[in-house]
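Hi,

Here's the structure I said I'd pass along. Have a look at it first, then read on for what turned up.

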Amino acid sequence: MTELVSNGGRFAAITQRPPRPEAVVAAHTRRRYARERRFKLIGMGAVIVAIGLLAILLATVLSNGAGAFQQNYAVLDVRFDPAEIDPSGNRDPEALADADYQAVLNDALVAAFPDMDDRQGRRAMRAMLSNSSALQLRQMVLDDPSLIGSTVPVRFLLDDERDQYLKGEVDPSLAEANRRLKDRDIALVDRLAEQGRIETGFNWTLFTNADSREPEQAGLRAALVGSFWMMLICFLLSVPVGVAAAVYLEEFAPKNRWIDLIEVNVNNLAAVPSIVFGLLGLAIFLNLFGVPRSASLAGGLTLALMTLPVIIVVTRAALRSIPPSIRAAALGVGASPLQVVFHHVLPLALPGILTGTIIGMARALGETAPLLMIGMIAFIANVPSGPLDPATALPVQVFLWSDSPERAFTERMAAAIIVLLGFLIAMNVIAVLLRKKFERTW
Amino acid sequence: MYILAIILVMAAGAFQLSRQRAWALAGGRSSALHSRPSYYGWHAALLSGGPAILLVILWFLFASSIVGWIVTAGLPEAVRSQSTEALQFFMQDVRRLAAGLPLGREATPEAIDAANAYAAAMLAGNWVFGIIGVLLAGWLGWLAYRKVDPKFRARNRVERWTDYILLSAAAVSVLITAGIVFSVLFESLRFFSMVSPIEFFFGLNWSPQTAIRADQVGSSGSFGAVPLITGTLLITFIAIFVAGPIGIMAAIWLSQYAPRRVRDVAKPLMEILAGIPTVVYGFFAALTVAPFIRSVGESLGLNVASESALAAGVVMGIMIIPFVSSLSDDAINAVPTALRDGSYGLGATKAETIQRVILPAALPGIIAGFLLAVSRAIGETMIVVMAAGLAANLTLNPLAAVTTVTVQIVTLLVGDQEFDSAKTLAAFALGLFLFGITLILNVIALYILQRFRERYD
Amino acid sequence: MATAIKVNDLPKTEVPAAQRPAPKMSARKVNLWYGQKQALFDVDIDVAKNSVVALIGPSGCGKSTFLRCLNRMNDTIDGCRIEGDIRLDGRDIYDRSVDVVQLRQQVGMVFQKPNPFPKSIYENVAYGPRIHGLATNKAEFDEIVETSLKGAGLWNEVADRLSQPGNSLSGGQQQRLCIARAIAVAPEVILMDEPCSALDPIATAKIEELIDELRQHFTICIVTHNMQQAARVSQKTAFFHLGKLIEFGDTDEIFTNPKQQMTQDYITGRFG
């Protein structure tokens, strides 16, 4: 074989391949481009589906929950009859507290609907208002005994079913047997509205009350306070320990098997299901350390364990983004390794650490499952006054209300979600702003 | 709490005094000292505050258990001879009474006595440890103060201690894992001493009885976890079936096709999905998706359970879409541009390049992402608690109601619970199983990811 | 070695300009911008059929950028804008009617770093024919793979391990695999972007030999920062500086008797 001939032979199969007919090539190319377009469309479709699902989810929450921020009130002219409240006339607080305010309320109702003054009518009228109405009158008198003897218009919480009806959530055309609100009740509410005795206002109860069996009295206060304590405890524990651990692993740790073990361990902990942390909290904090069940302290501790690996991971990422030249420069002027870290690296990594911390805390705020494990599912009707009191958390409150059949609770649950998402969005916005403000490129 | 404040003040005092002493000894020339004066201060503060604070914190942590033991030991024979559960219940009352919390019912005289003893022991313990702590802080602070000397290498000392403090922070993560393993393992072993592991792992029947007292009829339930595991896998499979294609295709489109402006908007929007609390997804599943699937199924003449696996699975899938898509995105971006150019240079279209070059090259990363997503789906709790059923059906029909491991853990542990009953302990056995499975998945995934990153670095 | 042909033995084609056939590729007044920054200024170059043109110049001079214009690889870069006229066989490759996928089949490319796909050696070579539908059955693929690997002088080394991954080969073998991959689609022009910069001298020598053989069947345009390499393998050399074409002419001429002072300074090593 001579070289040149052999070379020519080598390429002949390639270069002397018969050209394919133009039409074949064109058709083939068309098919390829069609596939290309199809592929691209599928990809775009996937993004649209994902974002569409997000939109549906948020729309569902908003449309269900928006109503809960409004509440209908009945305004009745209440005559604080001295004969009823303070027959002795000496304004003795104990006597005032013991008086029959239900009777006062009944009088006010009968005054509004004189034709309903029979046993059944009274019951229907009483059911129209929230069952806290008599207590409300009592509180008013105790706060201001001078009311006795006067007639003043008072705003009462409307019962949740009637409230739902006024918000258009009860369909009166449904067969009477299929709805909780009977024709007679509806007629009564309609008459109340005709008399102009219905007022609609912002639902402050939602933020000032703790949970209640009565939807119209149920609020988020206990959950908000509980969540606040838990976040505080979680922050105080997980951030210092997490940052210290990350600094050690990233800046000081020698390369050996133990440190490798710790690293693998941290990465895995960050992916352990949250409910397992709940089991840990139950076994350690409740059963071993005797922290009271349902207390924010137990919740905060458990959430801290869960958040710690997240903080370590994000802090390490922030530390890693600081270029080695900074460390070299500081070491070069005679700083000790510790001084390098505390004087130079940490301050530079601070924005990143903060951003990561906020995101970790946001996750902790939305976490539910581990809290169920440590008994935070209890019905809490009192606002906790400290971290040792039984409390609940925002997402747990959502879960609790989701179990209740009343439409009004569904509405409040969605409202609680809106509040929760509001907090989360605020936290994320802060994180994004922080990142934007301190972003620097090396 | 006050004790901690006092010790902190003492440590601050030690800091101040030692630093001043260092200054004084150096005669105002810091070069005469081995370390800068504040290091002498830190040395004193750490020495005086560290051990004392540690002691007090340890006491706080274990006080309740220690005092509990002491009080239990001193209880009248009649109370002590009760069953373990009753005793635990009793001690819970005692703790509440001692803390001044309302009990909700009339307390027994024994309980009140015990509560008084408990409160007294607690107070005494607080005093004893408080005083020991303060004395310790003072003594060590004094030692450190005496040690201040221009030749003393305070900086090196402080740095070494700081090193140890940081190391112990890092070790906390190991402690957490150890805590998980031991707490879950310990209770699981107790469970397996009552129920054989063979029944647990291979039994086809799951019905932990709901009898509250052990003497009630039908108290021995059956604990075959297979229906729970198949239920979990069914829902996980549905979730991955939804999230996998959508997540990967979304990642491909966003990273390869989307115009920059669209990407800048769409990507954060998708990440919002990841930030939504799971309880919200549970709400979505239970109130919107499940009824929707049910009505669609019924219009097709299918029998759909109101708590169908499909509803929970689909919503879980939505939840993990951003998870799959961001991990796929990372994997795709890790593929070197050179490969992409090589394919374009041969005249490949974008789709051909992605399908035949980029995806195969990114495959390990994508698989790792899938494994992490599966682990996430298996451990997800709230969606299934709110949208999946409680009945342990052994079925693969996505339209039927199934239950999952996490749902059962929650149902077993929420509400009245007695320790030592197989029912409660079963939750820990399930927890151990869950931890084990997710751990294995995570380890494999992280290993693949590490190898994958090394290949293209 | 059967394929060994001394580079210097080959006759340097010296044909008077008038008799020269129409160039395979020609570029006229090519300007290119990356965003706001202009990277090429009025570049005019002709590439004759079955010849090797070397593009030389200091780093960042635009030689690689220009090379990537010839098969529109710059299309994949965001914010890249190109003006001017680049023709392949007299047809404007930036014309709307030209299909970039087919263009790149005609104008293949070999990159600086060997970039075999994470597939087997066989699949690496078969990739191009597969996407372009050049073969329909196994036998045809086998034949293309074999001839392409032979063409790249790699067949003898890999014939018994075609199913092994492409990146299990050594650097020089990987680069020849990439060349085999490029010639498997039967291109007319092959663009090479510093194909030897990541290779050791022995592997480099092999590639250079290969280039010389390839020239008889393909038209080649090569970017190199190694002036000896340019002198060894090319017939024409273009010298770029700061995005401008400083001088373009016969390789012998450029290296022995450059017309521009700047070219002389560069090839004698005064800057670069």
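You'll need one term to begin with: pLDDT is the predictor's confidence in each residue, from 0 to 100. It matters here because this is a predicted model.

For chain C the mean pLDDT is 85, with 92% of its residues at 70 or more. Watch out for residues 1-13 of chain C, though, where the pLDDT is below 50. That stretch still has 19 contacts in the model beyond near neighbours in sequence.

Now for where chain C meets chain B. On the chain C side, 22 residues are in contact with 18 residues of chain B. Together the two chains bury about 1,700 Å², and 63% of that is on carbon and sulfur atoms. Three residues, P118(C), Y127(C) and I131(C), supply 31% of the area chain C buries against chain B, more than any other three.

What salt bridge does R68(C) form? Its partner is D341(B), and the closest N and O atoms are 3.6 Å apart.

As for which parts of chain C touch chain B, α2, β6, α3 and α6 each give two or more residues. The largest share, 4 residues, comes from α3(C). By type, the chain C side divides into 11 nonpolar, 6 polar and 5 charged residues.

Cheers

Terms used. Residues are numbered from 1 along each chain as its sequence is written. Chains are lettered from A and ligands numbered from 1 in the order in which they are written. This is a predicted model: local features need pLDDT of at least 70, side-chain atom pairs count only at pLDDT 80 or more; totals for chains, interfaces and linings use all residues. Side-chain values use heavy atoms; hydrogens and water are left out. Contact means heavy atoms within 4.5 Å. Buried area is the accessible area (1.4 Å probe) that two parts lose on being put together, summed over both. A salt bridge is a side-chain nitrogen of Lys or Arg within 4 Å of a carboxyl oxygen of Asp or Glu. Ala, Val, Leu, Ile, Met, Phe, Trp, Tyr, Cys and Pro count as nonpolar, Asp, Glu, Lys and Arg as charged, and the others, Gly among them, as polar.
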